[in-house]
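The following explanation is meant to be read with the sequence and the coordinates side by side. Please keep both in view while moving from one part of the chain to the next.

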Amino acid sequence: MALQMKNEAKIKFTELAELDKKHFLHPSTSIRQHVENGPGFIFTEGEGIYLKDIRGRKLIDSLSSLWNVNIGHGRAELGQAAAEQMSKLAFSSTFGGNSHEPVIELAKKVAEWTPGDLNTTFFTSGGSESNDTAFKTARHYWKVKGQPNKTKIISRRLSYHGVAMGSTSATGIEPFREFTTSLAQGFLYVDSSIESLRALIEEEGAESIAAFISEPIQGSGGVNLPPKDYFKEVREMCDKHDILFIADEVICGFGRTGEKFGMDLFGVVPDIICMAKGISSGYAPIGGMVISDKIKKELMENYAGNFWHGYTYSGHPMCCAVALKNLEIIENENMVENVRNMGAELQKGLKYLEEKHDNLGNRRGAGLLGAIEFFKNVETKERYAEPVSAKVVAKALDRGLLGRSIVYGGQDTLAFAPPFCITKEEVGTIISIIDDSIAEVKKER
Ligand code: PMP
């Protein structure tokens, strides 16, 4: 019986894999390799930190999929919230000032989470749209204030801000920008030092700069923390030069770092916060841009026209209902506290690996966001000719762990961002799988 089921699953997998190869263009995937090899896994179920595939393999989702399934997989309450909302009101427009209950409640809930006077949210379907919205809003703001030449947007090298035209242009990971030919105008990049920002502002002239955007901790770029006091100095510099400070909290927002928002770690309140992923833990596609009362007042008092920007799905009722339920779960189950406690366990585990394996260093992170890096020589920071992290991830997959290696900018990083519901034992399992995988890669060299 079990054997028969296994065979049926295999046949089903093969059928689906063929269709996938033929009809589905995968994001961030080599088309050629995919058409040759087909999908690695076809997932069917998820529970807690685990994903299950159609052939019955159970894998630890050590990055919460795309740093987004924060409450963990399989929470039926979110499905119920979606079903209830869709049966009652699947959709109504929020253009022209109409509204509905879930969007009003969610906007209020977001304002409870966000710091300072950031109290008003524009909703989108994800992070890229949120960042593009912020860039347009920043430029509109300066136009309204009588400074239409303040248009340039500064971002940091190795930043990831998404793949819409503006957010691609702001992204500091080069392959994403080089994928296409012409990008949006007026995007500039700096190194992660305050001197680099100061020099660029001087060179370009503050009167031409609309905004600075940064993730609190760079995610896709390698879980990179900024130098100490960096954001405090950025905040001061932005204030001094009338530059809006946009925080891309798409990964860090809603508890990932053990704080409500990543910028809370650095004691800084931005002018605009962009969010997505964690607001719904990936159960529905929704993001948002939150503006300060100061910005809102300006746009309200000195401009009578429309906010000429809106997505059909800005404030989609089902997405809002799901996000509300997600935030309720995070609050009721004290998940941010668990992020802090389990984040400490994760760092302990990474420290253990660093002490045990002489080719590991540069351990970093905050909350349930962590990383460690391979070096041929940790002291001199000499790297291997071929990255080791990808090989370790492949070995870890054999042992039931879906991992993430990051090699942008010449680094050789293993990144971790497990769901907030993770237990101490599960953190231990991740560390021991990585430990064994490193040992196996070493043996093969
Ligand atoms: N900003 C950051 C910091 C991100 O990590 C991502 C997604 N990885 C985005 C923006 C883009 O979000 P989305 O994929 O939802 O458009």
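Gln147 is found in the loop that joins α6 to β5 (152–156). The model is a predicted one. With 15 other C-beta atoms within 10 Å, Gln147 counts as partly exposed, because the partly exposed class lies between the limits of 12 or fewer for exposed and 20 or more for buried. From Gln147 to Gly403 there are 256 residues in sequence, and their C-alpha atoms are 47 Å apart in space.

The overall division of the chain comes next. The protein chain is split into domain 1, made of 41–74 + 335–444, and domain 2, made of 76–332. Between the C-alpha centres of domain 1 and domain 2 the distance is 28 Å. To the contact between them, domain 1 gives 27 residues and domain 2 gives 22 residues. On the side of domain 1 that touches domain 2, the elements giving two or more residues are α3 (64–67), α13, β11 (360–366), β12 (369–374) and β15. The largest share of that side, 5 residues, is supplied by α13. Sorted by class, this side of domain 1 holds 15 nonpolar, 10 polar and 2 charged residues.

Which residues come nearest to the ligand? Among the 16 residues around the ligand, these are Gly126, Gly127, Ser128, Gly162 and Val250. Helix α6, residues 127–144, provides the largest share of the shell, with 3 residues. By class, the shell around the ligand consists of 5 nonpolar, 9 polar and 2 charged residues.

The buried residues in α15 are Val427, Ile430, Ile433, Ile434, Ser437, Ile438 and Val441. Viewed down the axis of α15, these buried residues fall within an arc of 135°, so they line one face of the helix.

Helix α12 follows. How many of the residues of α12 are buried? The helix is mostly covered, with 12 of its 16 residues buried. Among them are Pro317, Met318, Cys319 and Cys320, and also Lys325, Asn326 and Ile330. The elements covering the buried residues of α12 include α4 (76–88), α5 (101–113) and α13. After α12 comes Asn334, which has a positive phi, near 45°.

Helix α1 is hardly covered, as the count of buried residues among its 22 residues is 0. The loop between α1 and α2 (31–37) contains Ser28. Ser28 is exposed, because 10 other C-beta atoms lie within 10 Å.

Backbone angles deserve a separate remark. Most residues other than glycine have a negative phi. Ser28 is not a glycine, yet its phi is positive, at about 45°. Asp242, also not a glycine, has a positive phi of about 55°. Asp242 is placed in the loop between α10 (230–241) and β8 (244–248). Having 14 other C-beta atoms within 10 Å, Asp242 is partly exposed.

A last stop is strand β1, residues 43–47, which holds Glu45. Is Glu45 buried or exposed? Glu45 counts as exposed, because it has 12 C-beta neighbours inside 10 Å. Glu45 and Gly74 are 29 residues apart along the chain, and their C-alpha atoms are separated by 7.6 Å.

Note on methods. Residues numbered from 1 in each chain as written. Predicted model: local features only at pLDDT ≥ 70, side-chain atom pairs only at ≥ 80, totals over all residues. Helix = DSSP H or I, 4+ residues; strand = E, 2+ residues; numbered from the N terminus. Arc of directions from axis to C-beta. Near = placed C-beta within 6 Å. Nonpolar A, V, L, I, M, F, W, Y, C, P; charged D, E, K, R; others polar. Domains from an automatic or database assignment. Contact = placed C-beta atoms within 7 Å.
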